[in-house]
Amino acid sequence: GMTHGGISANGLVFGGNISVTAPQASFSMSNTTLGSALSSTALQQGGSVNIFTQGNVTVAPINTSSAGNGGSVNVTINYGNLYLTGGGTLINASGEEGTGGKVNITFNRTRPDAGAITGNAGIVSLNGDGRILTGSRFGNAGSINISSREGGLGSFGVASPGRVTFQANSLFGNGGNFFASSAGNINADWTVESNGQNGGAVFV
């Protein structure tokens, strides 16, 4: 994968869509000098970021936020993990006047990174605590959906490198729904916030 640099599709009104497809490989884009490895921000509508890989995804911040509606972030990994680097804001799909973007992360199979059943698997914040944002100020927050069809989510026999806080809050709208499902065990260092005029549902 690309180790340095970034992809930017920012727009004044609409952000462009970014698609990364590596059906037989992993994808890595960290140590970016652009602030966000994948960025598709705009004033009215953030663009979407779509990643599909066979193996691990290692990426610095993804930003689809907007002063209007946030764009969606969709990650599908066939066999591997999502490593989010940099700490702080890991994924920002938030809106302001409109709705927050949706974040969907799907693993066909996770892969513990220290052995057959030992290590971190699923979503891993490599550089300390981090946040995934789908909130809004005036609109409804976006939903978050995490799914592992085979394999666990979290840290198994090792310490978590960083807590992941999912923030799907809205000040004047509704909180976003949070869904997490796994065919294996879940032992994740996660915090979920889904606050709003009406709180969102949280299903694990």
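Author: **A charged pair and its surroundings**

Arg 163 has a relative accessibility of 38%, and it counts as partly exposed. That label has cut-offs: buried means under 20% relative accessible area, exposed means over 50%, and partly exposed lies in between, with a 1.4 Å probe and protein chains only. Now the ground rules. This is a predicted model, where local features need pLDDT of at least 70, side-chain atom pairs count only at pLDDT 80 or more, and totals for chains, interfaces and linings use all residues. Residues are numbered from 1 along each chain as its sequence is written, and side-chain values use heavy atoms, with hydrogens and water left out.

What does Arg 163 meet in a salt bridge? Its partner is the side chain of Asp 189, at 2.7 Å, N to O. The pair joins distant parts of the chain. Asp 189 sits in the loop between E19 and strand E20 (190-193), and Arg 163 in the loop between E16 and strand E17 (164-167), 26 residues apart. Strands (E, at least two residues) and helices (H or I, at least four) are DSSP runs, numbered from the N terminus. Asp 189 is partly exposed too, at 28%.

How many salt bridges does a search of the whole structure find? The count is 3. The rule asks for a side-chain nitrogen of Lys or Arg within 4 Å of a carboxyl oxygen of Asp or Glu.

Take Glu 96 and Arg 137. Their side chains meet at 3.9 Å, N to O. Glu 96 is in the loop between strand E10 (88-92) and strand E11 (103-107), while Arg 137 is in the loop between strand E14 (130-133) and strand E15 (144-148). They are 41 residues apart. Glu 96 is partly exposed at 32%. Arg 137 is partly exposed at 37%.

Next, Glu 150 and Arg 109. Their salt bridge spans 3.8 Å, N to O. Glu 150 lies in the loop between E15 and E16, and Arg 109 in the loop between E11 and E12, 41 residues apart. Glu 150 has 43% relative accessible area and is partly exposed. Arg 109 is partly exposed at 37%.

Two strands pair if DSSP finds at least two bridges between them.

Look at E12 (residues 119-121) beside E16 (residues 153-156). They run antiparallel and share 3 bridges. Here Gly 119 is opposite Phe 156, and Asn 120 is opposite Ser 155. On to E19 (residues 186-187). It pairs with E16 in the parallel sense over 2 bridges. There Gly 154 faces Asn 187.

Go back to E20. Ser 194 is placed in the loop between E20 and strand E21 (202-203). Is Ser 194 buried or exposed? At 10% relative accessibility, it is buried. A polar atom of its side chain lies 2.4 Å from the backbone oxygen of Gly 176. Contact here means heavy atoms within 4.5 Å.

Last, the nonpolar side. In soluble globular proteins, nonpolar side chains tend to be buried together. The largest nonpolar core here has 36 residues. A core is a set of buried Ala, Val, Leu, Ile, Met, Phe, Trp, Tyr and Cys residues joined through side-chain atoms within 4.5 Å. Leu 38, Leu 82, Ile 123, Ile 146 and Phe 166 have the most contacts inside it. Leu 82 touches residues including Val 57, Ile 77, Phe 107 and Ile 123.

How values were computed: Polar contact = N/O pair within 3.5 Å; in protein donor to acceptor, adjacent residues only side chain to side chain. Lists of a residue's contacts leave out its neighbours within four places in sequence.
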